Amino acid sequence: MIRQAIDKDIDTISQLCALCQSDSVDKRQILRYIRHLLNKDLVSVSVAELCGLVAGVVVCQVIPQLGLSGHMGRISTIIVDEPFRDMTLVRQLLVAAEQALIARGCDHIEVGTVRLRRASGVPSCDMWE
């Protein structure tokens, strides 16, 4: 089941994020940042829940655009815990993000990839592209 993340998911989302972070990242800062994202109007955080466990997370945001027919949407984070990693769950998370962005008026959507992040100098997880 894909659903909107809630406050009780913050610790689990942080643990998923730890799969892609170096040890130098402040874990408390990540918890605060996730809590912050859950309360932003232009951000959607969805989780994949299987048998009561959060197995994956997707984060997307609306980027307001002037001069276009709609807004730009960006899917910036997709993380799935290794035991649950298959393309079906990833696809479900992507569809949920796409639906959330369309509902918020986005008619252009981009997916931030590992390759794009590396080219920009942004740290990223090398688990899949």
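Two strands are said to pair if DSSP finds at least two bridges between them, and the strands themselves, like the helices, are DSSP runs numbered from the N terminus, with at least two residues (E) for a strand and at least four (H or I) for a helix. With these terms in hand, strands S1 and S2 can be described as an antiparallel pair that is joined over three bridges.

The structure is a predicted model, in which local features need pLDDT of at least 70 and side-chain atom pairs count only at pLDDT 80 or more, whereas totals for chains, interfaces and linings use all residues. Residues are numbered from 1 along each chain as its sequence is written, and side-chain values use heavy atoms, with hydrogens and water left out.

## The chain as a whole

The protein chain contains four helices and five strands, and when it is read along the sequence these follow the pattern β-α-α-β-β-β-α-β-α. Of its 129 residues, 36% are buried, a word that here stands for under 20% relative accessible area, while exposed stands for over 50% and partly exposed for the range in between (1.4 Å probe, protein chains only). The accessible surface of the chain comes to about 7,900 Å², and 54% of this surface belongs to carbon and sulfur atoms; such areas come from the Shrake-Rupley method with a 1.4 Å probe, and for residues only the protein chains shown count as cover. Among the contacts (heavy atoms within 4.5 Å) that have a separation of 6 or more, 55% are between residues 24 or more positions apart.

## The sheet

The five strands form an open sheet in the order S1-S2-S3-S4-S5, and the pairing in this sheet is mixed. Its edge strands are S1 (2-4) and S5 (106-111), each of which pairs on one side only, and the twist averages 30 degrees from one strand to the next. Helix H1 (residues 10-18) packs on the sheet, where it touches S2, S3 (53-63) and S4 (71-80), and the direction of H1 makes about 85 degrees with that of S3. Angles of this kind run from 0 to 180 degrees between N-to-C directions, and the axes are lines fitted to C-alpha atoms, for helices over the stretch in contact.

Arg3 stands opposite Val47 in S2. Strands S3 and S4 run antiparallel and are joined by eight bridges, and Gln61 has Arg74 in S4 as its bridge partner. Strands S4 and S5, by contrast, pair in the parallel sense over five bridges, with Arg74 standing opposite Glu110 in S5. Strand S4 is mostly covered, since seven of its ten residues are buried.

## Selected residues

| Residue | Relative accessible area | Class |
|---|---|---|
| Leu93 | 0% | buried |
| Cys60 | 2% | buried |
| Ser46 | 3% | buried |
| Cys106 | 6% | buried |
| Cys51 | 84% | exposed |

Leu93 has its place in helix H3 (residues 87-103). Leaving aside residues up to four places away in sequence, Leu93 touches several residues, including Ile2, Ser46, Val58 and Ile79. Leu93 and Met1 are 92 residues apart in sequence, and their C-alpha atoms are 9.6 Å apart in space.

Ser46 lies in strand S2 (residues 43-50). The side chain of Ser46 makes a polar contact with the side chain of Gln4 at 3.0 Å, where a polar contact is a pair of N or O atoms within 3.5 Å; within protein, one atom must be able to donate a hydrogen and the other to accept it, and residues adjacent in sequence count only if both atoms are side-chain atoms.

The cysteines raise a separate point. A disulfide is a covalent bond between the sulfur atoms of two cysteines, and the criterion used here is a pair of cysteine sulfur atoms within 2.5 Å. A search of the whole structure finds zero disulfides. The closest cysteine sulfur to that of Cys60 is in Cys106, and because it is 7.9 Å away, it is too far for a bond.

Cys51 is found in the loop between S2 and S3. Most residues other than glycine have a negative phi. Cys51, although it is not a glycine, has a positive phi of about 55 degrees.
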